[in-house]
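I opened the model to look up a few things and kept notes as I went.

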Amino acid sequence: MGARNTPGLVPGASHDEGVDAMPEPTRLDALIVGAGFAGLYMLHKLRGTGFAARAVEAGSGVGGTWYWNRYPGARCDVESMFYCYQFDDALSQDWEWTERYPAQAEILRYAEHVADRFELWPDISLNTRVASAAWDGDEALWRVATDTGEEFLARSCIMATGCLSAANRPDFAGLDDFAGRVFHTGRWPHETVDFSGRLVGVIGTGSSAVQAIPEIAREAARVTVFQRTASYVVPANNRPLDAAEQADIKARYPELRAAARKTFGGFAVAIAQQSALAVPEDECRETLARAWDHGGIGFLNSYRDFGFDEAANRRAQDFVRQKIRETVRDPETAEKLTPRHVIGCKRLSLGDDYYAAFNRPNVELVPLGEDGIGRIVPGGLTAGGEEYRFDDLVLATGFDAMTGALARIDIRGRGGRALAEAWRAGPRMYLGLMSNGFPNLFTITGPGSPSVLSNMMPTIEHHVEWIAACLEYLRDNRIREIEPRLEAQDAWVEHGNEVASKTLRYNCSSWYLGANVPGKPRVFMPYIGGMPSYMKKCAAVAASGYEGFELTPG
Ligand code: FAD
Ligand code: N01
C-alpha cells in the first residue's frame, strides 16, 4: 500500500505559519473532485500529459462506490473481467479476479492497487469535501473551497463525483427518535456490523436491498422488509473464476473489448437481433430459460425489443413472475413480491437468493400502501395503521442519482449563476460533459451521457480520455476557455429526450427520471442512444475542433 497523505495536506501550502496565517490557495491546471474509478484515472491521465492536477475526495480512502457501499452482499453485476480498466495492458494482465462477479472488498482492493501502482496517493487529498466552486471570469479559473478550509485555484475543474454517490435518506417522520442503529447501504460502516440475534427492519427493495436481505437474514433473528415497489430480480449465477477461463479471456482482451465497444452498453454481451414476438411463446420461454440459467443482466438482451415494445416486454415479465411463483413457497408472499410494472424500466437487479430468502421463517414482507411509511418510532415504525418492531433499521433507499452529488456543491458559473438555478427544471449538458454558463467545468459520466445505462468502467475511460485530449488541445492552441454553445446543448438535450421517449423507460417511476426523490424534476437523465453512436458523436466533435463549443483564446 502506498503512502496515504495526511488529510488536508496540499503540497505548496505551508503548514508551519501559525494558526492565524491563511495558507495560499493551491494553483492547479486541473482540480478533480472525487477519487472513485473516474477520479483515479483522470488524475493518472492528466499527470501523464504534464498537467498539475490533484484529486479531492470526501472519503478516507479511494474507490468511491466501493469505498462507501460496504453492506453485506455488495458486489457488482458486470462480470469482473470486464468491470475493470482497459487503459493499461500490464494492469489488465496482472490483476487476478476471484469470482465471476467480484464482491465489494475485492473491487476496493483493485482501486487501491491502482492508486498504489500508479503512485496516485500523493496527489489525492482524502477526508476533504469540496463545498463550493466559483468561476472567476477575470482570471479564467475556478475558485474551489473545501470543508477543511483548503482553497484551490484551478484552470479546469473536473467533477468525478459519481452518478450514485449521494445517498437518498428520505425524510421519514420520527427518524431521529429511533432508539436502535440506523444504517444506509450507501454509507455502510467500515467495521463489521453484527446482526446476530437482532430484529432488523429494511426499507427498500432495489438492487442494494436485493443483495443485502439474504445476507442479513442468515444472521439476524428476524428481518422485516418494507416494500414500496416489488423488484424484478434475475440470477447472477455467481461462481469462482478458474485460472484457465481467466487466462483465455485475458489472451482475447483486445478482440472481446473491441466487440463490447460495438454493443449498446459497452457490455461483453450482444443484444439479439430478433423480436420476442417473432417467435412462438414456447421458444421465447426456452431462450429466456437459457439466459436465466446462465445468469446476468444479459437476460434482457435475449430479444431486441424488450426495451421498446410492451407486448414483447410482457413475455419477459411473465417469465420472471412464473419464476417467483416457482421459488416462493407461500403463494400470498409470492403474489406480494410480484412486480406489475414493465421489466427493465427500473434498473434490473441481480441476485441469487433474493426471492428464496422469503421462504425463510425469519423473513417477513410488508408491502407498503399508498401512504408508505407512517412514522419511525423508537422501537420500529408504523405503516398502514400497523406497528412493526425491530432493533436496527437499514435504509436501502438508494441515491439522489446523477445530479445529487453536484447539487450538494455550491457551483457558481459565469456571472455567479448557480448550477442549481440553471438546472432547476432538470440537468442540461452538452454530451453529458459540460454545461453552458460553466466554462472549463467538466463532468465525468454526467447527465446526458450513457453513464448508468452502460458498463461504467469503459464509459468512465472514454470520458477521461476525451477530457484529457480536450485539455491538451486547449493548451496547445492557447485557448483559455471552453464552454458549450446554448443551441448545441439544447439540441443535445432535445435529442436525448426524443431517443428516450421511444423506449419503455421513459414513463416509469425510476431514479433514471428522478422519481425516487420528492420534488426532483422528472427528466430522463442518462443518454439512451447507445455507446457506439455516442462515442462517434464525441469523436466527431473533437475532430472538428470542438464543434458546438465556444472557444475563447487567451
Ligand atoms: P463514484 O465511485 O461514485 O465516486 C465518486 C467519488 O466522489 C466518491 O468517492 C465521493 O465521495 C466523491 N465525492 C462526491 N462529491 C464530493 C465532494 N463534494 N467533494 C469530494 N468528494 C466528493 N456500475 C457498473 O457498471 N457495474 C456494476 O456492477 C455496478 N455496481 C454498482 C453497485 C453499487 C452498490 C452502486 C452504488 C453502483 C454500482 N455501479 C455499477 C455504478 C458505479 O457507481 C460505477 O460503476 C463506478 O464505480 C462509478 O465511479 P465514479 O468514480 O464515477 O463515481
Ligand atoms: O436504490 P434504488 P439501490 N419509502 O433506488 C425504496 C446500483 N446498484 O441502492 O422503487 C419507502 O434502486 C424504493 O422504492 P421505489 C444500480 O444501478 C447496483 O438499491 O422507489 N421506500 C426502492 O425499493 C441501482 O439501480 C448493484 O418505489 C422507499 C429502494 O428504496 C442503483 O445502484 C447493487 C422510499 C431504493 O432502490 C441504486 O440501487 C446496488 C421511501 N420514502 C446498487 N424511498 C449491483 O448489483 C425509496 N424507497 C450492481
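How many aromatic pairs does the count come to? I took rings of Phe, Tyr and Trp (its six-membered ring) as paired if their centres lie within 6.5 Å, with planes under 30 degrees apart called stacked, over 60 edge-to-face and the rest tilted. The count is 37 aromatic pairs.

I noted one of them, Trp466 with Tyr546, which is edge-to-face at 5.4 Å centre to centre and 80° between the planes. Trp466 belongs to helix α14 (residues 456-476), while Tyr546 sits in the loop between α16 (531-543) and β20 (549-553), so the pair ties together parts that are 80 residues apart in sequence. Helices (H or I, at least four residues) and strands (E, at least two) are DSSP runs, numbered from the N terminus.

Ground rules, for the record. This is a predicted model in which local features need pLDDT of at least 70 and side-chain atom pairs count only at pLDDT 80 or more, whereas totals for chains, interfaces and linings use all residues. Residues are numbered from 1 along each chain as its sequence is written, chains are lettered from A and ligands numbered from 1 in the order in which they are written, and side-chain values use heavy atoms, with hydrogens and water left out.

Ligand 1. I found 32 residues around ligand 1, the closest being Glu57, Thr65, Asp77, Tyr83 and Met456; a residue counts if one of its heavy atoms lies within 4 Å. For polar contacts I used pairs of N or O atoms within 3.5 Å. A polar side-chain atom of Thr65 is 2.7 Å from an oxygen atom of ligand 1. From the backbone, an N or O atom of Ala38 lies 2.9 Å from an oxygen atom of the ligand, and a polar atom of Val78 lies 3.3 Å from one. Ligand 1 taken alone exposes 980 Å², of which the protein buries 95%; areas are by the Shrake-Rupley method with a 1.4 Å probe. Elements giving two or more residues to this shell are α1 (37-48), α2 (65-68) and α14, and α2 has the largest share with 3 residues. By class I have 18 nonpolar, 11 polar and 3 charged residues, where Ala, Val, Leu, Ile, Met, Phe, Trp, Tyr, Cys and Pro are nonpolar, Asp, Glu, Lys and Arg charged, and the others, Gly among them, polar.

Ligand 2. I found 24 residues around ligand 2, with Thr205, Ser208, Thr229, Lys346 and Trp511 the closest. Oxygen atoms of ligand 2 have polar side-chain atoms of Ser208 at 2.6 Å, Lys346 at 2.7 Å and Gln211 at 2.9 Å. Ligand 2 exposes 910 Å² when taken alone, and the protein buries 88% of that. Helix α5 (residues 207-219) gives the most to this shell, 3 residues. The classes are 10 nonpolar, 9 polar and 5 charged.

Cavities. I searched a 1 Å grid over the protein atoms alone for sets of points where a 1.4 Å probe fits but cannot get out, taking as lining any residue with an atom within 4 Å of a point. Of its 14 lining residues, Pro447, Gly448, Val493, Phe524 and Met525 are closest to the centre.

Methods:
Polar contact = N/O pair within 3.5 Å; in protein donor to acceptor, adjacent residues only side chain to side chain. 1 Å grid on protein atoms, 1.4 Å probe; cavity = no way out; pocket = protein on both sides within 12 Å on 5 of 7 lines; lining within 4 Å.
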